[in-house]
Amino acid sequence: MRSSRSITAGMGKLYGAFSVATEMISPRLKLGAVTIPELYHYTDQAGLLGIVRCNSLWATNALFLNDSREVLHGFKVGSDAISQSLATAEYEPFEKALADLKSYLDYQLRPRDKHSGLPEDRGLNPLTVPHVVCFCADRDSLSQWRAYSSGEGYAIGFNFNVEWPDLHSPTDGRKWFFQKVLYEPQEQTKTAYAILSAVQMVANEVAENKIDLGDYPPDAFLYTLLASFLLRRLFAFKDYAFRSEDEWRLMLDSPALLFKFPFEALKFRASKIGVAPYFDARPNGAKKLPISRVICGPTLDPDVAEKGVELLLQKCGFRDIDVSSSPIPLRAG
């Protein structure tokens, strides 16, 4: 039996290997180099109150978004890209990692149950998918107002480039990151190939024993890399028909990919499709979320709606926040 000291040393080597691999992959994918525009989170009255009062956003498990079937589009793109990579893979552990991930994606693409939209016998494991906060780059989107209509909608603007707070992570080692949702099929395919190529570069280093994995199986290490970098991107691929949404996503990788899932930090809220799990995305320390403005949606009395929001922001310590109303008229009845 291995001692606890040797197990700890082995995990230290594994974490070190993932750090080395991430440092190799990130520059090739230009991670962290994205310029983030002012983004808007559309929500209803309950959402606005929760965000401002708690100084926190809710990152919902991606399976519990409005349409869980939207993730299948990205899975199809990923599966097709892996098929091409398998044709040229030479290092056996990398080939096995590719085949295992393709098998996982293909399983999810099996015929769906007409009620849940998930495979008839088993769906995605909620512990292995990212948690997401959705934003829109359009500050006055008619389609978004329709989703939050009846005079209860708000668009909360965030300027993450001016003041980007360190957000609390529910688990060590996982950080929040932004993804711009891709809608163009060619851009999606190009991005998937770039990720697979970057992981193959790491696989070549592993094959030459330039990355020390200790006793950890190379195929399992490469699978986790593929899952971490490719899956996170596939969850930000959407069908071209939805391009008008101009969506961005604040995401947290699934901690279960490498770390113990932090059930103690998991919370739940009511949603249109049932009880939805989420993590708090809140700033560390005493910082405030970088709210830049709040736009009240179409309503019968914009002046009163604005005054209520102004008082709420002042009460909760948010200063100098612009509050206005959408010029789009509310349709009565």
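I started with Asp320, which sits in the loop between α8 (302–315) and β10 (322–325). Helices here are DSSP runs of H or I with at least four residues, strands are E runs of at least two, and both are numbered from the N terminus. The model is a predicted one: local features need pLDDT of at least 70, side-chain atom pairs count only at pLDDT 80 or more, and totals for chains, interfaces and linings use all residues. Residues are numbered from 1 along each chain as its sequence is written, and side-chain values use heavy atoms, with hydrogens and water left out.

**Positive phi**

I read a phi of about 55 degrees for Asp320, a positive value although Asp320 is not a glycine. Most residues other than glycine have a negative phi. Asp320 is exposed, at 81% relative accessibility. I take buried as under 20% relative accessible area, exposed as over 50%, and partly exposed as in between (1.4 Å probe, protein chains only).

I then looked up Asp246. Its phi is also positive, near 50 degrees. Asp246 lies in the loop between α7 (218–234) and β6. Asp246 is partly exposed, at 27%.

**Whole chain**

I noted eight helices and ten strands. Of the 333 residues, 46% count as buried. I looked at contacts (heavy atoms within 4.5 Å). Among contacts with a separation of 6 or more, 82% come from residues 24 or more positions apart. The chain exposes about 17,300 Å², and carbon and sulfur atoms supply 51% of that. That area comes from the Shrake-Rupley method with a 1.4 Å probe.

**Salt bridges**

I counted a salt bridge where a side-chain nitrogen of Lys or Arg is within 4 Å of a carboxyl oxygen of Asp or Glu. The structure holds twelve.

Lys96 and Asp100 form one of them, at 2.9 Å, N to O. Both lie in helix α4 (residues 92–108), four residues apart, about one turn of the helix. Lys96 is partly exposed at 41%. Asp100 is partly exposed at 33%.

Arg249 and Glu247 pair at 2.6 Å. Arg249 is buried at 2%, and Glu247 is buried at 6%.

Lys267 and Asp280 pair at 2.5 Å. Lys267 is in strand β7 (residues 267–271) and Asp280 in strand β8 (residues 274–281), so the bridge ties together parts 13 residues apart in sequence. Lys267 is partly exposed at 36%, whereas Asp280 is buried at 15%.

I also found a network: Lys238, Glu245, Glu247 and Arg249 are joined by salt bridges that share partners.

**Second largest pocket**

I looked up the second largest pocket next, with about 1,200 Å³ of space. A pocket, on a 1 Å grid over the protein atoms alone, is an open set of points where a 1.4 Å probe fits, with protein on both sides within 12 Å along at least five of seven lines; lining residues have an atom within 4 Å of a point. The volume is the space filled by probe spheres set on the points, which are joined across faces, edges and corners.

The lining has 37 residues, and Tyr42, Leu65, Asn66, Cys134 and Tyr148 lie nearest the centre. β3 gives the most, with five residues. Other elements that each supply at least two include β1 (39–43), α2 (45–54) and β6 (247–252).

I sorted the lining into 17 nonpolar, nine polar and eleven charged residues. Nonpolar covers Ala, Val, Leu, Ile, Met, Phe, Trp, Tyr, Cys and Pro; charged covers Asp, Glu, Lys and Arg; the others, Gly among them, are polar.
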